[in-house]
Amino acid sequence: MKEIETKIIDIDVDEIRRKLASLKAPKVKQENQINNIYDFSDKRLISSKGYARIRTIHDELTNSTVHYMTTKKLISQEKFKIMDEHETEIKDEAAAIGIFESLGLILIQSIKKYRESYKYKNTLIEIDINEKEFCPFPYIEIESPDEEQLEEVLTLLGYCLEDTNSKTLYEILKLKGLGKNL
């Protein structure tokens, strides 16, 4: 699957929520996540702008917990960030860890974050608030299968392309001299 996304950093969370409410964009997720990032000991996946992940989500809307196993690889960072993503829901987190470890992957980092997601047409607008030690500022990620729709959402939220960032969060943190970078 190809994922087109962009970020807007240092947002005013309440202002974004107000704008989404005025657009009548329904809240589709409200969750706490634990993102366990895996790579080889030489960090070759991260060095080539990819990673393997096991994500545990506690969904506050349904009071349920689910686990996902994912791999991502950066395809482009030109106008937007485009990732090649493969993800599946898993029933057994321990088995997923065993699969990654049997391939020679090791746990590199564990990141906790709160996420609220809203839907506008086929586009997701996700408010992310990470542990302050990892990322001290809130941001939104806008993910869409369509560049035109992504740009429409930017405009509706009061932003333009110049306000966006196609860098990975690790690159943004490094540029700001912040966070526990890999």
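**Note on the barrel and its packed helices**

1. Eight strands form a closed barrel in the order β1-β5-β4-β3-β2-β6-β7-β8, with antiparallel pairing. Strands pair here if DSSP finds at least two bridges between them. From one strand to the next, the twist averages 35°. The model is predicted: local features need pLDDT of at least 70, side-chain atom pairs count only at pLDDT 80 or more, and totals for chains, interfaces and linings use all residues. Numbering starts from 1 along each chain as its sequence is written, and side-chain values use heavy atoms, leaving out hydrogens and water.

2. Take β3 (residues 50-59) and β4 (residues 64-76). They pair in the antiparallel sense over ten bridges. A52 has T71 in β4 as its bridge partner. Strands (E, at least two residues) and helices (H or I, at least four) are DSSP runs, numbered from the N terminus.

3. Helix α1 (residues 13-22) packs on the sheet and touches β6 (106-120), β7 (123-130) and β8 (139-144). Contact means heavy atoms within 4.5 Å. The direction of α1 makes about 160° with that of β7. Such angles run from 0 to 180 degrees between N-to-C directions, with axes fitted to C-alpha atoms, for helices over the stretch in contact.

4. V13, I16 and L20 are the buried residues of α1. They fall within an arc of 65° seen down the helix axis, so they line one face of α1. The arc uses directions from the axis to the C-beta atoms. On the other side, R18, A21 and S22 are exposed. Buried means under 20% relative accessible area and exposed over 50% (1.4 Å probe, protein chains only).
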